[in-house]
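Student: I would like to go through the labels attached to this model and ask what stands behind each one.
Tutor: Then let us take the terms one by one.

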Amino acid sequence: MEARLRVAVGADGAAIAELARASVREVFPAYYDDVQTASAAEHITTLDTALIDDGTYYVYKAAGEIVACGGWSRRNKLFNASTAGADGRLLDPATEPARIRAMFVRADWTRRGLGRAILTACVDAARAEGFTQLALMATLPGVPLYKAFGFTEVESVELPMPDGVVLGGVAMERPIDLEERA
């Protein structure tokens, strides 16, 4: 079964939210306890429609279903449940990193290169807009993918959810190497 990558559209919203919640419920228990997993499923899976409106969010579809999603942002928000410092303003590509956001893969579609392909699309699009750096806030399940893609750990952090539950996370960065241009 072949999966196809495309830019997300508004009509994908419900399926993206469903995929994100399922992904968290299936993948997070290997890294977080039940309370943390439930909180993450509620708070980090809320779709930020600005990503779709901006045309910076991607989905992989296979057999009519979305099996992976993720994107990047040119706006000042690092992750879905974040509110501190998130003002929605456009980032300055000359001085600020673009943000990798809301990456989720259905558990039965992991380790097939879909996350890497989404990250590649993000790098290409952010580079085309003049960004030279990427930043993200990883939950623990995503760290291996991001490291394999060239991100380095900046620091381990605690991610407070709106309900007071705290998740372990990792702030990560990656340069957009201008020599990577196709």
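Tutor: A residue is called buried under 20% relative accessible area, exposed over 50%, and partly exposed in between, with a 1.4 Å probe and protein chains only. This is a predicted model, in which local features need pLDDT of at least 70 and side-chain atom pairs count only at pLDDT 80 or more, while totals for chains, interfaces and linings use all residues. Residues are numbered from 1 along each chain as its sequence is written, and side-chain values use heavy atoms, with hydrogens and water left out.

Student: Why is cysteine 69 called buried?
Tutor: The relative accessible area of cysteine 69 is 1%. The limit is 20%, so cysteine 69 is buried. Cysteine 122 is buried too, because its relative accessible area is 0%.

Student: How do you know how many disulfides there are?
Tutor: A disulfide is a pair of cysteine sulfur atoms within 2.5 Å. By that rule the count is zero. Cysteine 69 is in no disulfide, and the nearest cysteine sulfur, that of cysteine 122, lies 11 Å away. Seen from cysteine 122, the closest cysteine sulfur is that of cysteine 69, and 11 Å is too far for a bond.

Student: What makes β1 and β2 a pair?
Tutor: Helices (H or I, at least four residues) and strands (E, at least two) are DSSP runs, numbered from the N terminus. Two strands pair if DSSP finds at least two bridges between them. Strand β1 (residues 4-7) and β2 are joined by four bridges and run antiparallel, so they pair. In this pairing arginine 4 stands opposite lysine 61 of β2.

Student: How do you know that β2 also pairs with β3?
Tutor: Six bridges join β2 to strand β3 (residues 65-73), again antiparallel. The requirement is at least two bridges, so β2 and β3 pair. Tyrosine 57 has glycine 71 in β3 as its bridge partner. Strand β2 (residues 57-62) is mostly covered, with five of its six residues buried.

Student: Which residue in the turn of the β2 and β3 hairpin has a positive phi?
Tutor: The hairpin has two residues between its strands, and alanine 63 in the turn has a positive phi of about 50°. Most residues other than glycine have a negative phi. Alanine 63 has its positive value although it is not a glycine.

Student: Is alanine 63 buried or exposed?
Tutor: Alanine 63 has a relative accessible area of 64%, so it is exposed. Arginine 111 is another non-glycine residue with a positive phi, about 60°. Arginine 111 sits in the loop between β4 and α4 and is exposed, because its relative accessible area is 85%.

Student: What makes β6 and β7 a pair?
Tutor: Eight bridges join strand β6 (residues 152-160) to strand β7 (residues 166-175), which run antiparallel. At least two are needed, so β6 and β7 pair. Valine 157 stands opposite glycine 169 in β7. This hairpin has five residues between the strands, and glycine 164 takes a positive phi near 95°.

Student: Why does threonine 45 count as buried?
Tutor: Threonine 45 is at 5% relative accessibility, so it counts as buried. Its place is the loop between α2 (34-43) and α3 (49-53). Alanine 41, in helix α2, is buried as well, because its relative accessible area is 9%.

Student: How many cavities does the search find, and what makes a space a cavity rather than a pocket?
Tutor: On a 1 Å grid over the protein atoms alone, a cavity is a set of points where a 1.4 Å probe fits but cannot get out; a pocket is an open set with protein on both sides within 12 Å along at least five of seven lines, and lining residues have an atom within 4 Å of a point. Grid points are joined across faces, edges and corners, and a volume is the space filled by probe spheres set on the points. The whole structure has one cavity of 30 Å³ or more. The largest cavity holds about 40 Å³. Ten residues line it, with Ile16, Thr45, Leu47, Tyr57 and Phe104 the closest to its centre. Two or more lining residues come from each of α1 (13-27) and β4 (98-105).

Student: What is the volume of the largest pocket, and which element gives the most to its lining?
Tutor: The largest pocket holds about 850 Å³. Its lining has 33 residues, and Met103, Val105, Pro141, Gly142 and Leu145 lie nearest its centre. β4 gives the most, with six residues. The elements that supply at least two residues each are α1, β4, α4 (114-128), β5 (133-139) and α5 (143-148).
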